Amino acid sequence: MRSDNRYSVAIIGGGILGTAIAYFLSRASAPRMNSVVLIEQEQTIAMHASSRNTGKVHAPFLYNPVEKKLFAKAAFLGFKMLKEYCSLKSLPFKQDGVLEVATHDSGIDRLHKYLEWGYSNGLKKDELQYLEKAAVQKLEPNVRCLAGIYCSKDASTNYGLVTRQILDDARKFGCSVIVGSKVEKILARNSNDGDTSQNVVTLHISNGMNIKTDYVVNTAGGNAIDIAHGMKIATQYSDLHFRGEYWLAPEEYRDLTKLSIYSVPKYPQYPFLDPHWIIRVDGRREIGPNAVPVFSPYAYSLSANIRFLIPKIFESSRTGARRILFDRQFLQLASSELKSSISKTAMINRAKEFLPQIRPSSFIQRGTAGIRSSLIDVRGKFVSDTKIIKNEYSVHVLNYNSPGATGALPIAAMIAQELIVQGILDRSNQGNNCKYTDVKSPNWDTAALSEEISQ
């Protein structure tokens, strides 16, 4: 028998974006309890993309200010917010910089474009500099390239730790949290219970509970499009999934570079990145990611991938994804990515283009793989920016990829502010029964952040 629980807002997905929205909403509604609930299908939050990433706080020079406007704005604002939050909470945050290099002639033109984008997105000229070949050699003697860009406003953190701290704060503000429970069905209906007549949404979840809410926030990451489709929303979109794999560098390469090294992708119109040399906040060095097509946002293993093969093929045959699956260049690139997954040598040799000292035989341990879910439109084209789609009782954040973790705090503030302005939090019929605990919290103004990111 199911039990009912009533909230003003139900957030689906316990990644960094969902927890940050919970943080801002519960902060605004404190000291009242049962205004906000966060639902996560895993037993622990931040199990997927929010922990399975490089931990980089990305500077916004890689993002077209027109095609990726929201991503670029959020990354620019997110840097300062993450730095402030990590400092306040004693979490790791290291402003360590990054070097982007061109290993082919067309990449030099791309570097100049990155400069334009970076300045348009708010970076200053002393934070983002073009380097000729000799200047790169002086900065990083072991790097070989034709030219590069050095950005000092790039950093490293641990997004898993950040996410867990954000949720801890949200709990103290009164947010309820349900883990290990999947949303199985979502029904919208008119409710006349109590003294209101609002459109109430009912979420049936796998632990036997019914969650009744005025508003649903869908931040379910790789599963977000499926939840949206279940509510008859964003049906013109589909998605494809790509597993990014890494190899952990041995200790002998620890002093090979001071900076993380990225290389300009040869095919920027596709989500296939040439592998990077990553220095994590804890000092680990890794090479990755590739982008291996898989059939599920949770296909970390071969068995999991095979299990979702038939459903994904059937789904793709009915959507715009079928167009890209017959694109010859896409299939050639996908084949190359699969080869890099099977062959360690193929993977390491990509990074060897700019770090000629490394040897594939020295790499013996794989790093942590993560999965990126890319949105496909009806024409079979990859959607560039994140998509925020709303109706009267829900908001769905789709295509939330890199630099999603970097920009999570400002985007969460924007979404939370819209719900605050709509008066969603005032609809709760619960009493002020929270044992409110003071939380060390940055003095963030959600209204000002919302206005800035929306400009």
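This report describes salt bridges in a predicted model.

## Overview

Side chains of opposite charge can pair when their charged atoms come close. The structure contains 14 salt bridges.

## Asp214 and Arg6

Asp214 pairs with Arg6 in a salt bridge, with 3.2 Å between the closest N and O atoms. Arg6 belongs to strand 1 (residues 3–12) and Asp214 to strand 12 (residues 209–218), so this contact ties together parts that are 208 residues apart in sequence. Asp214 and Arg6 are both buried.

## Glu418 and Lys390

A salt bridge joins Glu418 to Lys390, and the closest N and O atoms are 2.7 Å apart. Because Glu418 sits in helix 12 (residues 408–422) and Lys390 in strand 21 (residues 387–391), the pair ties together parts that are 28 residues apart in sequence.

Glu418 has a relative accessibility of 26% and therefore counts as partly exposed. Lys390, at 44% relative accessibility, also counts as partly exposed.

## Glu251 and Arg254

The side chains of Glu251 and Arg254 form a salt bridge, with an N to O distance of 3.9 Å. Glu251 counts as exposed because its relative accessibility is 60%, and exposed means over 50%. Arg254 has a relative accessibility of 34%, so Arg254 counts as partly exposed.

## A salt-bridge network

Salt bridges also link Arg280, Asp282, Arg284 and Glu286 in a network.

Technical notes. Residues are numbered from 1 along each chain as its sequence is written. This is a predicted model: local features need pLDDT of at least 70, side-chain atom pairs count only at pLDDT 80 or more; totals for chains, interfaces and linings use all residues. Side-chain values use heavy atoms; hydrogens and water are left out. A salt bridge is a side-chain nitrogen of Lys or Arg within 4 Å of a carboxyl oxygen of Asp or Glu. Helices (H or I, at least four residues) and strands (E, at least two) are DSSP runs, numbered from the N terminus. Buried means under 20% relative accessible area, exposed over 50%, partly exposed in between (1.4 Å probe, protein chains only).
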